[in-house]
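Morning, everyone. Let me put the sequence and the structure up, and then we'll walk through them.

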Amino acid sequence: MGGAVAIVRVAAIRPFTRADMAAACASTYEEGWLAWELGDIRPLAWRGAVLAARGIYLVDWP
């Protein structure tokens, strides 16, 4: 499990390039990966447990 830290809007999804590696804190690169450009980042005060895996999930919080 992990913890949610923010709500974001996905502004764009595009092919991940080697030039994205530093900004993504990536240590490896593979063809076919996607880069998600995020905007409207809003920190969460709620600190409930959520699934800690790559993906988009619906989360119920108070």
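Let's start with the lining of the largest pocket. Its residues divide into 24 nonpolar, two polar and four charged. On the classes: Ala, Val, Leu, Ile, Met, Phe, Trp, Tyr, Cys and Pro count as nonpolar, Asp, Glu, Lys and Arg as charged, and the others, Gly among them, as polar.

Before going on, the ground rules. This is a predicted model, where local features need pLDDT of at least 70, side-chain atom pairs count only at pLDDT 80 or more, and totals for chains, interfaces and linings use all residues. Residues are numbered from 1 along each chain as its sequence is written, and side-chain values use heavy atoms, with hydrogens and water left out.

Back to the pocket. How much space lies in the largest pocket? About 1,200 Å³. Of the 30 lining residues, the closest to the centre are Val 8, Trp 36, Leu 38, Gly 55 and Ile 56. Which elements give two or more residues to that lining? E2 and E3.

How is a pocket called? On a 1 Å grid over the protein atoms alone, it is an open set of points where a 1.4 Å probe fits, with protein on both sides within 12 Å along at least five of seven lines. Lining residues have an atom within 4 Å of a point. Grid points are joined across faces, edges and corners, and the volume is the space filled by probe spheres set on the points.

Next, charges. Side chains of opposite charge can pair when their charged atoms come close. How many salt bridges does the structure hold? Four. The cut-off is a side-chain nitrogen of Lys or Arg within 4 Å of a carboxyl oxygen of Asp or Glu.

Take Arg 9 and Asp 40. They form a salt bridge, with the closest N and O atoms 3.2 Å apart. This pair links distant parts of the chain: Arg 9 is in strand E2 (residues 6-15), Asp 40 is in strand E3 (residues 34-43), and they are 31 residues apart. Arg 9 is exposed, at 54% relative accessible area. Asp 40 is partly exposed, at 41%. Buried means under 20%, exposed over 50%, and partly exposed in between, using a 1.4 Å probe and protein chains only.

Asp 40 also forms a salt bridge with Arg 42, where the closest N and O atoms are 3.6 Å apart. Arg 42 is partly exposed, at 34%. Put together, Arg 9, Asp 40 and Arg 42 are linked in a network of salt bridges.

Now Glu 37 and Arg 14. Their side chains meet in a salt bridge at 2.4 Å, N to O. Glu 37 lies in strand E3 and Arg 14 in strand E2, so this pair ties together parts 23 residues apart in sequence. Glu 37 is partly exposed at 34%, and Arg 14 is partly exposed at 28%.

On to the rings. The structure holds two aromatic pairs. Why does the pair of Phe 16 and Tyr 29 count as stacked? The ring centres are 6.1 Å apart and the planes are at 25 degrees, so the pair is stacked. Here are the cut-offs: rings of Phe, Tyr and Trp (its six-membered ring) pair if their centres lie within 6.5 Å, and planes under 30 degrees apart count as stacked, over 60 as edge-to-face and the rest as tilted. Phe 16 and Tyr 29 both lie in the loop between E2 and E3, so the pair ties together parts 13 residues apart in sequence. Are they buried or exposed? Phe 16 is buried, and so is Tyr 29. Ring pairs link Phe 16, Tyr 29 and Trp 33 into a cluster.

Last stop: Asp 20 and Pro 15. Asp 20 lies in the loop between E2 and E3 and is buried, at 15%. Leaving aside neighbours within four places in sequence, Asp 20 is in contact (heavy atoms within 4.5 Å) with Arg 14, Pro 15 and Ala 35. Pro 15 sits in strand E2 and is exposed, at 56%.

Conventions
Helix = DSSP H or I, 4+ residues; strand = E, 2+ residues; numbered from the N terminus.
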